[in-house]
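Here is a short tour of a predicted model, meant to be read with the structure open beside you.

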Amino acid sequence: MLLRIILSEDDIRKVTIDNLPETVENFHILLKTKLGLEGDLVVQYQDPEFDNELCNLSSISELPKEKATLKVYTKTFTTYNTDSTLDTASLSSTLEEGSSGGQTRQLPQPFVIPAFSFDVELKLKQGNEAYHKDGSLLDISKDMKSDILEKLAEAMYVHNPYPTRDEYDCVAQALINKHPCLKEPGSVNGWYCWKFSLKFKMGNFRQRLRVAGCPELKVNTRTSSQTGSKKLKRAKKSEVNFLPGFPEGKTQHDLDIERSVLVSEMKKRKVDWRQIDEMMFNTFSLRRKEIVEDEPLVAQVKERWPALFSERQVKCIFVVVLLLCVYFV
């Protein structure tokens, strides 16, 4: 069977499959292998019964027999504020990986431990060999431990700047599973102290990026010296403002031009909703910047982002809430 698979606007692939799996789950596994994807997938196909509009694939029998066009999303979850800054880019921006800096809001499962510096890897290799031979643990120096934690913090930040307690547990366990020589002597599970050391290192790592000017980390910092800080409530531990950077190669001016095109498209009698979804996805970082930093009135948001208040986009908000409920409950 011949498949035309759309991953993004500039990534469309042709894949040939000899035998289709019997279940959608196995089909997802096959696609992840063929396309090199990770995480849970959402697969949509062009349904000829609805003028080739996209529909979610729920059964293999729904696919055409000889060839089909599919759109594949990778599920990610975005942490949204529960106040007036709630926003969604579109269904595609919720399910696809964010284009701004490649950040996601969930660590991959299982977490892949990154490669460390050459000297650290050499010591770990020798330590693991000794552990498998006689069960001895590696005596690591302060500098070596700091290097390991620094590399882990960098790898975690790429996926989620604010990891959850379970995600810290997951990373600490993955570290010990890959390098058992790093187990803590006398510890029940062998990674308890690694978890807390990683939390402190992650905090220091965020602080350095905040000083360097990372917008998302700066906007989530509330200090007593800030102008007008009295009107801001103290954020709960689980609340952060999602403020991704602009897509690579794009400036605020470029995105504002695309926003103007989006406004013009919404004024047409026959709106091209696929183009609207695409532009809403591309301008997500600009919209978040305006809403989080400027705190505009609803009327101003509606004037600048009319598509956000359309029935199609409102439904996307409920999809976001539903996905978050499924993930966190």
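## Surface and overall make-up

Of its 329 residues, 42% count as buried, meaning under 20% relative accessible area, where over 50% is exposed and anything in between partly exposed (1.4 Å probe, protein chains only).

The secondary structure comes to 12 helices and five strands; these are DSSP runs numbered from the N terminus, with helices (H or I) of at least four residues and strands (E) of at least two. Among contacts (heavy atoms within 4.5 Å) with a separation of 6 or more, 66% join residues 24 or more positions apart.

Residues are numbered from 1 along each chain as its sequence is written, and side-chain values use heavy atoms, leaving out hydrogens and water.

The mean pLDDT, the predictor's confidence in each residue from 0 to 100, is 78 for the protein, and 80% of the residues score at least 70.

## Two nonpolar cores

A nonpolar core here is a set of buried Ala, Val, Leu, Ile, Met, Phe, Trp, Tyr and Cys residues joined through side-chain atoms within 4.5 Å. In the largest, of 30 residues, F111, I148 and L152 touch the most other members. Helix 3 (118–134), helix 4 (142–159), helix 5 (165–178) and helix 6 (192–212) each supply at least two residues, and helix 4 gives the most, with eight.

Leaving aside neighbours within four places in sequence, L152 contacts F111, I113, P114, F116, V171, L175 and L198. Another core, of 19 residues, lies apart from this one and includes L3, V24, L41 and V72.

## Helix 8 and its cover

In helix 8, the buried residues are L255, E258, R259, L262, V263 and E265. Seen down the helix axis, they fall within an arc of 160°, so they line one face (the arc is that of the directions from the axis to the C-beta atoms). Their cover includes helix 9 (273–282), helix 10 (284–294) and helix 11 (298–304).
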